[in-house]
Amino acid sequence: MSNHKTDHAIKMTWVPEASCGMARAGHLHTRHGTVPTPTFMPVGTVGTVKGMTMDAVRSTGAGIVLGNTYHLMLRPTADRVQKLGGLHRMMDWPGPILTDSGGFQVMSLGALRKLDEDGVTFRSHIDGSKHRLTPEISTDIQFKLDATITMAFDECPALPATPEVLRKSMEMSMRWAARSREAFVAREGYGQFGIVQGGTERDLREYSIKALTEIGFEGYAIGGLAVGEGQELMFSTLDFTTPMLPQDKARYLMGVGTPDDLLGAVMRGVDMFDCVMPSRAGRTARAYTERGPINLRNARFAEDTRTLTPHDDTPVAGRYSRAYLHHLFRANEMLGPMLLTWHNLAYYQRLMRQIRAAIVDGTLDVLAVKLREDWAKGDW
Ligand SMILES: C=CCOC(=O)Nc1nc2cc3[nH]c(NC)nc3cc2c(=O)[nH]1
């Protein structure tokens with residue numbers, strides 16, 4: 001008799017609610033709660049969304065956050081996170097957590113790694129110690145972290161790359177996807193996402209989707225993009241990739257992006273996003289606003305008593321003047337990055353809520369025109 005809990009566990013599901021053109025609104029049901037999609041996932045690299053308490057993250061409306069396997073396996077190590085009760089308990093975030101498989105982080109480390117068919121060997125950027133990641137090791141680490149969504153271990157090839165290089169890399173990632181799935185422990189409401197590769201080549205993307213859907217995953221990520229190809233090539237790749245993905249599963253575009261990227265990708269059928277931009281910008285005095293980004297270190301804000309946004313839906317939004325934030329950054333005060341990260345993440349969540357509402361009432365095209373007009377206006 002097979003063990004019901006593991007073999008047939010009712011895994012995570014994505015349920016559609018409405019669509020508008022290629023855009024979809026739905027709900028991702030997981031063991032750690034339900035998340036409305038489209039959704040933007042704040043990046044919590046080493047078990048913290050830098051500069052934010054998780055209450056502050058929750059106050060922005062975020063439903064799911066991201067953790068990085070590569071960073072956490074080096075420090076504090078997966079075994080220690082497991083001893084501390086898993087990421088949810090350790091960082092006091094009861095909601096869903098998606099962890100990456102480490103592949104991309106190691107790839108971006110460049111020289112410090114050696115790739116072979118079985119996996120990748122690399123040296124820690126912290127103390128130079130030697131480590132290994134394989135589909136099995138990565139999946140086991142994510143299990144120890146208690147990730148709600150586990151990502152398949154893949155290789156993200158650097159662009160530009162020849163179709164031959166892209167094909168060889170994608171085929172290896174598909175072999176790694178099968179091994180990742182084999183190593184995945186199915187639990188009620190948990191899930192694992194496969195990662196579509198193939199660069200900007202339609203035939204390679206088609207081959208990759210066929211391979212992944214034959215293995216079967218709870219969701220599908222679109223990898224290999226936002227690596228310097230530019231928005232036009234990213235969008236044209238999405239135009240032929242998302243229609244080939246299963247309609248009834250969530251689609252996750254990794255590492256994306258600016259507000260304009262998010263809007264365009266949602267309109268091409270993407271449901272989930274993660275990007276360091278809003279939080280990294282928050283640490284570098286770059287504020288996202290309804291009229292596009294502004295740099296608060298600029299002297300023109302020294303006596304600007306206006307707030308960053310007319311909205312007042314978090315303890316930060318609409319409360320602090322640009323002049324005060326300008327002062328905090330000039331004085332190198334830690335409150336500057338904290339408040340601005342909070343503001344930027346709230347801006348991204350508000351944008352996703354606006355987009356979602358427009359999908360539900362069928363007016364996404366109207367909203368898209370309005371948003372792009374306002375972003376182009378520049379600061380008022
Ligand atoms: C959280 C991610 C879960 O995915 C993985 O574990 N592997 C993976 N990560 C990526 C991350 C990316 N960021 C960008 N631009 C900033 N492009 C990316 C592409 C990939 C990719 O092809 N694979």
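Helices (H or I, at least four residues) and strands (E, at least two) are DSSP runs, numbered from the N terminus. The model is predicted: local features need pLDDT of at least 70, side-chain atom pairs count only at pLDDT 80 or more, and totals for chains, interfaces and linings use all residues. Residues are numbered from 1 along each chain as its sequence is written, and side-chain values use heavy atoms, with hydrogens and water left out.

**Exercise 1.** Describe helix α13 and what covers its buried residues.

Solution. Step 1: α13 spans residues 322-330. Step 4: just after α13, Asn332 has a positive phi of about 60 degrees.

**Exercise 2.** Find which residues of the largest nonpolar core touch the most other members.

Solution. Step 1: a nonpolar core is a set of buried Ala, Val, Leu, Ile, Met, Phe, Trp, Tyr and Cys residues joined through side-chain atoms within 4.5 Å. Step 2: the largest core holds 85 residues, and Leu253, Phe273, Leu296, Ile355 and Leu364 touch the most other members. Step 3: α14 gives the most to this core, with 11 residues. Step 4: leaving aside neighbours within four places in sequence, Ile355 is in contact (heavy atoms within 4.5 Å) with Leu263, Val266, Leu364 and Leu367. Step 5: another core, of 17 residues, lies apart from the largest one and includes Met12, Trp14, Met41 and Ile64.

**Exercise 3.** Describe the lining of the largest pocket.

Solution. Step 1: on a 1 Å grid over the protein atoms alone, a pocket is an open set of points where a 1.4 Å probe fits, with protein on both sides within 12 Å along at least five of seven lines; lining residues have an atom within 4 Å of a point. Step 2: the largest pocket has about 860 Å³ of space, a volume being the space filled by probe spheres set on the points, which are joined across faces, edges and corners. Step 3: 43 residues line this pocket, and Phe104, Gln105, Gly255, Asp274 and Val276 lie nearest its centre. Step 4: β5 (65-68), β6 (97-100), α6 (103-107), α10 (231-241) and α12 (277-283) each supply at least two lining residues. Step 5: α12 gives the most, with 4 residues.

Technical notes: Buried < 20%, exposed > 50% of the residue type's maximum accessible area, 1.4 Å probe, protein only.
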